[in-house]
Amino acid sequence: MDKISAKWLQEAKDYLEFQVRQGLTEVIIPPFVEPSGPLGPLDVVRNDLGECARCPLHRTRKKIVFGEGAPAARLMFVGEGPGADEDLQGKPFVGRAGQLLTRMIEAMGLTREDVYITNIVKCRPPGNRDPEALEIETCFPFLERQIKAISPEVIVALGRISAGTLLGAKAPLSRLRGRFHDRGGIPIMPTYHPSFLLRQERERRWKGEAWADLKLVMGLLGLSGANSGDTP
Ligand code: URA
């Protein structure tokens, strides 16, 4: 057997064994959809993800939230996982936290279309609970492939789960933020999750710190921003 077939077979075996452990008794193969044009590297990743049923989150999700934005973005934002609004629309960060993220991006002098936005897990954890280790582990290879396809100059990790997963770090976010960390040659800037900032709205300190983090990112990308330096 050649190396590629052996790899494919091993992946199929791991996938089926995982499904059996989840109690699956039937294998559903999603229909093959003929692509309408040439596939870019990100489309290939989306196609491979398919109608994913690799972890239990598929049972409760409405839509997969793969990610959206520029396929060759210089800047990538990685959140934790879709919430209720994202689950309904199949798009990342479209609820209240998303509106704040959009304002932060615009304060940097960019639009959502200039950047790429995705999450650690692509399906909504029920009741907005934290994604479990097995769910993260199952979904993470797709994020790694998205990062490889986009090859951003910098990644902003939004919140504890995103920063902890991308950096393999257990330290609290307050100790990770405020500086770049290297991940395979790509600088990662951990910062507070917009949902956290919304919950702390009365406390200006956190928003100020998040904005300071984004200003470091702007410095790295040579961006001058859209406002006089106020927090968004
Ligand atoms: N929170 C996240 O982490 N991601 C989203 O897409 C929305 C809310």
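Me: How many cavities of 30 Å³ or more does a search of the whole structure find?
Reply: Happy to start there: in this predicted model, the search of the whole structure finds two cavities of 30 Å³ or more.

Me: Which residues line the largest cavity, and what classes do they belong to?
Reply: There are 14 lining residues, and Leu49, Cys52, Cys55, Cys123 and Cys139 lie nearest the centre of the largest cavity. By class, the lining has nine nonpolar, two polar and three charged residues. Cys counts as nonpolar, so the five residues named nearest the centre, Leu49 and the cysteines, belong to the nonpolar class. Helix 5 gives the most to this lining, with four residues.

Me: Why does the lining of the second largest cavity have one charged residue?
Reply: Its lining consists of Met104, Leu197, Lys207, Ala210, Trp211, Leu214 and Pro232. Lys is in the charged class and the other residue types in that list are in the nonpolar class, so the division is six nonpolar, no polar and one charged. Helix 9 supplies the largest share, four residues.

Me: What lines the second largest pocket?
Reply: This pocket holds about 670 Å³ of space. Of its 29 lining residues, Glu80, His193, Ser195, Phe196 and Arg199 are the closest to its centre. Helix 3 (84-89), helix 4 (96-107), helix 7 (173-176) and helix 8 (194-199) each supply at least two residues, with helix 8 giving the most, four. The classes come to eleven nonpolar, ten polar and eight charged residues.

Me: Why is helix 5 called roughly perpendicular to helix 6?
Reply: Good one to check by the angle. The axes of helix 5 (residues 133-150) and helix 6 (residues 160-167) come within 12 Å and cross at roughly 75°. Angles of 65 to 115 degrees count as roughly perpendicular, so helix 5 is roughly perpendicular to helix 6.

Me: How do you know which residues meet between helix 5 and helix 6?
Reply: Contact means heavy atoms within 4.5 Å. By that test, Ile136, Phe140, Leu143 and Ile147 in helix 5 meet Ile161, Thr165 and Leu166 in helix 6. The contact has six nonpolar, one polar and no charged residues.

Me: What makes tyrosine 192 and tryptophan 206 an edge-to-face pair?
Reply: Three aromatic pairs turn up in the whole structure. In this one, the rings are 5.3 Å apart centre to centre, with 90° between the planes.

How values were computed:
Residues are numbered from 1 along each chain as its sequence is written. This is a predicted model: local features need pLDDT of at least 70, side-chain atom pairs count only at pLDDT 80 or more; totals for chains, interfaces and linings use all residues. Side-chain values use heavy atoms; hydrogens and water are left out. On a 1 Å grid over the protein atoms alone, a cavity is a set of points where a 1.4 Å probe fits but cannot get out, and a pocket is an open set with protein on both sides within 12 Å along at least five of seven lines; lining residues have an atom within 4 Å of a point. Grid points are joined across faces, edges and corners, and a volume is the space filled by probe spheres set on the points. Axes are lines fitted to C-alpha atoms, for helices over the stretch in contact, and angles run from 0 to 180 degrees between N-to-C directions. Angles under 35 degrees count as roughly parallel, over 145 as roughly antiparallel, 65 to 115 as roughly perpendicular and the rest as oblique. Rings of Phe, Tyr and Trp (its six-membered ring) pair if their centres lie within 6.5 Å; planes under 30 degrees apart count as stacked, over 60 as edge-to-face and the rest as tilted.
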